[in-house]
Amino acid sequence: MQMIEHNFENLVRLCILLIELAGIVVIVISMVRGFIGFVRKDEHTRINLAQGIMLGLEFKIGSEVLRSVIVTTWNELGTLAAIILLRSLLTLLLHWEIGEEEKREKAAKVQATEQAEVPQKEA
């Protein structure tokens, strides 16, 4: 029975590492794409970067939830809960930031459209 628990714990730890690696890869790729977008002055860079970071954080939250399966003490559980809470708050903040940026882009697009229509009406 103890061998089964040990193997299960090792399997969970491996899964946690793979999920955390996926989150790190997503964040790094998002950062590289964000830098390239910044250099190219792409107007959607902030939204794409925030979405990539948010996705990476969701992977990291998933790994923390999986880690809760193998937590053995209340102290570890409290630390884990704090980490999950902080990462969740960061994800919510990024979600809000994406919404605000999309509103700004939409308003700028509407304003540009309205300005383009004014000279046509006068002609």
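This is a predicted model: local features need pLDDT of at least 70, side-chain atom pairs count only at pLDDT 80 or more; totals for chains, interfaces and linings use all residues.

Q: Which side chain does glutamate 64 meet in a salt bridge?
A: Arginine 67. The N to O distance is 3.2 Å.

Q: How far apart are glutamate 64 and arginine 67 in helix H2?
A: Three residues. That puts about one helical turn between glutamate 64 and arginine 67. In general, an α-helix has 3.6 residues a turn, so residues three or four places apart point the same way.

Q: Is arginine 67 buried, exposed or partly exposed?
A: Partly exposed, because its relative accessibility is 27%, and the buried class stops under 20%.

Q: How many salt bridges does the count come to?
A: Nine.

Q: Let's take another one. What does glutamate 97 pair with?
A: Arginine 46, through a salt bridge. Their closest N and O atoms are 2.6 Å apart.

Q: Which parts does that pair tie together?
A: Helix H3 and helix H2. Glutamate 97 is in H3, residues 74-122, and arginine 46 is in H2, residues 45-67. The pair therefore ties together parts 51 residues apart in sequence.

Q: And the accessibility of glutamate 97?
A: 22% relative accessibility, so glutamate 97 counts as partly exposed. Arginine 46 is also classed as partly exposed, at 48%.

Q: Which glutamate meets arginine 46 in a salt bridge at 3.7 Å?
A: Glutamate 101. The 3.7 Å runs from N to O. Arginine 46 is in helix H2 and glutamate 101 in helix H3, so this pair ties together parts 55 residues apart in sequence.

Q: Is glutamate 101 buried or exposed?
A: Buried, at 10% relative accessibility.

Q: What does glutamate 101 touch, leaving out residues up to four places away in sequence?
A: Arg46 and Ile47.

Q: Back to H2 as a whole. What span should its 23 residues have?
A: 33 Å, at 1.5 Å a residue. The end C-alpha atoms of H2 are 33 Å apart, which agrees.

Q: Which residues of H2 are buried?
A: Thr45, Ile47, Ala50, Gly52, Ile53, Met54, Gly56, Leu57, Lys60, Ile61, Ser63 and Glu64.

Q: Switching to leucine 90. Which helix is it in?
A: Helix H3. Leucine 90 counts as partly exposed, at 43% relative accessibility.

Q: How far is leucine 90 from glutamate 58?
A: In sequence, 32 residues. In space, 9.9 Å from C-alpha to C-alpha.

Q: New topic: the surface. Which residues form the nonpolar patch?
A: Ile24, Val28, Val32, Phe35, Ile36, Phe38 and Val39. Together these residues have about 690 Å² of accessible area.

Q: Where is valine 28 placed?
A: In helix H1, residues 2-39.

Note on methods
Residues are numbered from 1 along each chain as its sequence is written. Side-chain values use heavy atoms; hydrogens and water are left out. A salt bridge is a side-chain nitrogen of Lys or Arg within 4 Å of a carboxyl oxygen of Asp or Glu. Helices (H or I, at least four residues) and strands (E, at least two) are DSSP runs, numbered from the N terminus. Buried means under 20% relative accessible area, exposed over 50%, partly exposed in between (1.4 Å probe, protein chains only). Patches are made of residues with over 30% relative accessible area and no salt bridge: like charges are joined within 9 Å, nonpolar side chains (Val, Leu, Ile, Met, Phe, Trp, Tyr) within 5 Å. Accessible areas come from the Shrake-Rupley method with a 1.4 Å probe; for residues, only the protein chains shown count as cover. Contact means heavy atoms within 4.5 Å. The expected span of a helix is 1.5 Å times one less than its number of residues.
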